[in-house]
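Please keep the sequence and the coordinates in view while reading.

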Amino acid sequence: MILGQVVGNVVATQKNEKLIGKKLLIVKAIDLKGKLMEPFVVAVDIVGVGIGEKVLVVNGSSARQTDETKDRTIDSVIVAKVDSIQVEA
Amino acid sequence: MYYARVIGNIVSTIKYKGLKGKKIQVIQPVDMKTGKDSGSFLVALDATSSGMGDMIGYEDGAEATWAFEEDDVPVDASIVAIIDKINITG
């Protein structure tokens with residue numbers, strides 16, 4: 001899973017019917033200190049997060065293992081909102 | 001299966017139901033031959049009972065979802081073994 005931060009959202013009026021009703025967010029990868037990294041993904045939000053929040057993103061076919069994304073044209077999904085990160089000293 | 005070390009963990013209260021009750025670990029891939037860190041950290045769901053500092057084996061991609069009995073676990077990296085020892089010849 002990718003550790004990331006929500007930095008924006010995407011609005012698309014015309015889209016595949018299997019994407020209708022899905023919230024599309026732009027998530028940038030972050031390091032363990034919270035610094036924004038270069039790669040980003042557009043992910044479907046199934047937990048209800050907002051801009052600026054730290055999240056976990058699942059990619060690939062694993063992204064379709066939820067009720068909300070099953071059999072849909074989705075390869076990136078936000079599955080958790082991160083409260084805190086503990087790392088070894 | 002790939003080799004890594006557990007370097008941290010993540011607390012999340014708002015998450016997809018399939019992830020509830022499962023430990024989210026931060027792991028650092030390690031080169032099996034040299035024992036040195038290799039590449040960037042990643043976040044993995046724990047199917048064992050690993051702890052900080054443990055050397056572990058993980059699966060990534062779609063295989064990661066098979067580490068759990070439920071079929072609604074959206075995960076692309078899972079810890080599937082705690083590694084005690086590695087023997088490499090050659």
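In chain B, strand E4 and strand E5 (residues 77-82) run antiparallel and are joined by 5 bridges. Strands here are DSSP runs of type E with at least two residues, helices are H or I runs of at least four residues, and both are numbered from the N terminus. Two strands are said to pair if DSSP finds at least two bridges between them. Within this pairing, B:Glu59 stands opposite B:Ser78 of E5(B).

The model is a predicted one, in which local features need pLDDT of at least 70 and side-chain atom pairs count only at pLDDT 80 or more, whereas totals for chains, interfaces and linings use all residues. Residues are numbered from 1 along each chain as its sequence is written, while chains are lettered from A and ligands numbered from 1 in the order in which they are written.

Strand E4 of chain B, residues 55-60, also pairs with E1(B) in the antiparallel sense, over 4 bridges. One bridge of E4(B) sets B:Gly57 as the partner of B:Tyr3. B:Asp60 lies in strand E4 of chain B as well. Is B:Asp60 buried or exposed, or does it fall in between? A residue is buried if 20 or more other C-beta atoms, placed from the backbone, lie within 10 Å of its own, exposed if there are 12 or fewer, and partly exposed in between. B:Asp60 is partly exposed, because 19 other C-beta atoms lie within 10 Å. Apart from its neighbours within four places in sequence, B:Asp60 is in contact with B:Tyr2, B:Asp76 and B:Ala77, where contact denotes C-beta atoms, placed from the backbone, within 7 Å. The C-alpha atoms of B:Asp60 and B:Met1 are 7.9 Å apart, although 59 residues separate the two in sequence.

Across the two chains, 26 residues of chain A are in contact with 30 residues of chain B. On the chain A side, the elements that give two or more residues are strand E4 (54-59), E5 and strand E6 (84-87). By class, this side has 14 nonpolar, 8 polar and 4 charged residues. In that classification Ala, Val, Leu, Ile, Met, Phe, Trp, Tyr, Cys and Pro count as nonpolar, Asp, Glu, Lys and Arg as charged, and the others, Gly among them, as polar.

Chain A itself has 0 helices and 6 strands, giving the pattern β-β-β-β-β-β along the sequence. Its radius of gyration is 13 Å, close to the 12 Å of the globule rule for 89 residues, so chain A is as compact as a globular protein of that length. The radius is taken over C-alpha atoms, and the rule is 2.2 Å times the number of residues to the power 0.38. Along its principal axes, the C-alpha trace of chain A spans about 45 × 25 × 20 Å.

How are the strands of chain A arranged in the barrel? 5 strands close into it in the order E1-E2-E3-E5-E4, with mixed pairing. Strand E1 (residues 2-10) and E2(A) pair in the antiparallel sense over 6 bridges, with A:Ile26 of E2(A) as the bridge partner of A:Gly8. E2(A) and E3(A), also antiparallel, are joined by 7 bridges, and A:Leu25 has A:Ala43 in E3(A) as its partner. These two strands form a hairpin with 5 residues between them, and A:Gly34 in the turn has a positive phi of about 95 degrees. The loop between E2 (23-30) and E3 (36-45) also holds A:Lys35, which counts as exposed because it has 9 C-beta neighbours inside 10 Å. E3(A) pairs with strand E5 (residues 76-81) in the parallel sense over 2 bridges, and A:Val44 has A:Val77 as its partner in E5(A).

Buried residues make up 35% of the 89 residues in chain A. A nonpolar core is a set of buried Ala, Val, Leu, Ile, Met, Phe, Trp, Tyr and Cys residues joined through C-beta atoms within 7 Å. In the largest such core, which has 42 residues, A:Val57, A:Val77, A:Ile78 and A:Val79 touch the most other members. Not counting residues up to four places away in sequence, A:Val79 touches residues of both chains, including A:Leu56, A:Val58, B:Tyr16 and B:Leu19.
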